[in-house]
Amino acid sequence: MPLILVGGLVFGFGLGFSHMARPEVVLDFLTFDDFGLLFVMFGGSIVAGIAFWTLPKLRNSAPLTGRPYGRRLKSFDRNVLVGGSIFGVGWGLSGICPGAAYASLGVGNWPILYAIGGMFIGAYAQGVWRSRDAADASAAAPSDD
Amino acid sequence: MIAGVLADLLGAGTVDVLFPNGISRYAIGGLLVGLGTVLIYLGTGITAGASTFLESTLSYVSGRSRFTQYRPSRDWRVVFTLGIIGGAAVYALIYQGDPWSIAGSAWTTEVSPWRLFLGGILVGIGTRVGKGCTSGHGICGVGSVSRTSLVGVATFLVVAIVTANAVSALGVGL
């Protein structure tokens, strides 16, 4: 936990320092006025990539959790495209993504609470929608008691 | 240093056009974002993304299966998010003076509340349906050379570029 806090602190400091926490900077990037954000995304992923590539060769598992070192691989399906597109519209409209929104709050940009509130509403709505199938299944299953 | 190399490659005028605010703050910030991710990975083996926090935190108040599946990770995700907020606050204290005073804050966004709110709703839906956001897919997934994440990043980046330009072309103010 302390390590996760430290990691989060460095992560958030980086988002503040890179100005990615500022929606205007993201919108300038998306409208081709300032390409600097490429360095944030690629810089970050290259640093992460080096660790993801190196550590599994050095050790089998993480010292604090015993969790095996692996890469972040998720299965591909239509949801990646559908969700990515919805996220893209939201990102292009607001200029804010989740991590940058938390950082933006830390910088003192209080209007970002509109965006964070929206994110929770959106996450809740899709969660209720997608829990429906599971709820139907368990309700339909005969009960023993 | 990077700016110098790019200036040699592209010509100094091009660099000024492409990067009107310079490169160093972006490059240094990006390295720190990567470093934060690596610190967590080094100790725990976790590839941390930011958007799962939205759902895992909802599991504190909702019993829906979509949210409760994240119960095991919800505590550290709160810590991670508090860290992000705190780290940005440290940045603001060092570089911006008095970030917690609404009047004295160095900047608050000019983007209008409806754009933040509506965009936020779509971000909340899209990142969760699409299995990741700019940190999960963008940093950890691309760093893992995951094809799913590369496709995911390409999708949201292209759609966001189209959206931002369309909104701007329609003359909608910030």
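B:Val145 is partly exposed, with 15 other C-beta atoms within 10 Å. Residues are called buried at 20 or more other C-beta atoms within 10 Å of their own, exposed at 12 or fewer, and partly exposed in between, with C-beta atoms placed from the backbone. This is a predicted model, in which local features need pLDDT of at least 70 and side-chain atom pairs pLDDT 80 or more, while totals for chains, interfaces and linings use all residues. Residues are numbered from 1 along each chain as its sequence is written, and chains are lettered from A and ligands numbered from 1 in the order written.

Stay with B:Val145 for a moment. This residue sits in the loop between H8 and H9 of chain B. Helices here are DSSP runs (H or I, at least four residues; strands are E, at least two), numbered from the N terminus. The phi of B:Val145 is near 50°, a positive value in a residue other than glycine. Most residues other than glycine have a negative phi. B:Lys131 is another non-glycine residue with a positive phi, near 70°. The loop between H7 and H8 of chain B holds B:Lys131. Is B:Lys131 buried or exposed? B:Lys131 counts as buried, because 23 C-beta neighbours lie inside 10 Å.

Step back into helix H7 of chain B, where B:Gly124 lies. B:Gly124 is buried, with 31 other C-beta atoms within 10 Å. B:Leu54 is 70 residues away along the chain, yet the C-alpha atoms of B:Gly124 and B:Leu54 are separated by 7.5 Å. Leaving out residues up to four places away in sequence, B:Gly124 touches B:Leu54 and a run of chain A residues: A:Gly118, A:Met119, A:Phe120, A:Ile121, A:Gly122 and A:Ala123. Touching, or contact, means C-beta atoms, placed from the backbone, within 7 Å.

Turn now to chain A. What secondary structure does chain A have? Chain A comes to 6 helices and 0 strands. Its pattern along the sequence is α-α-α-α-α-α. The C-alpha trace of chain A spans about 60 × 45 × 30 Å along its principal axes. Of the 145 residues in chain A, 56% are buried. Helix H4(A) has 13 of its 17 residues buried, so this helix is largely enclosed by the rest of the structure. Just after H4(A) comes A:Gly95, with a positive phi of about 75°. Among chain A contacts between residues at least 6 apart in sequence, 39% join residues at least 24 apart.

Next, see how the chains meet. Chain A brings 107 residues to the contact, and chain B brings 109. Which helix supplies the largest share of the side of chain B that touches chain A? That helix is H3(B), with 20 residues.

The largest nonpolar core has 90 residues. Such a core is a set of buried Ala, Val, Leu, Ile, Met, Phe, Trp, Tyr and Cys residues joined through C-beta atoms within 7 Å. Its largest share, 10 residues, comes from H3(B). The residues with the most contacts inside this core are A:Leu15, A:Ala101, A:Ala103, A:Ala115 and B:Ala88. B:Ala88 reaches across to chain A: not counting residues up to four places away in sequence, its contacts include A:Phe13, A:Leu15, A:Ala21, A:Ala103 and A:Val107. The glycines A:Gly12, A:Gly16 and A:Gly106 are also among them.

Conventions:
Two residues are in contact if their C-beta atoms, placed from the backbone, lie within 7 Å.
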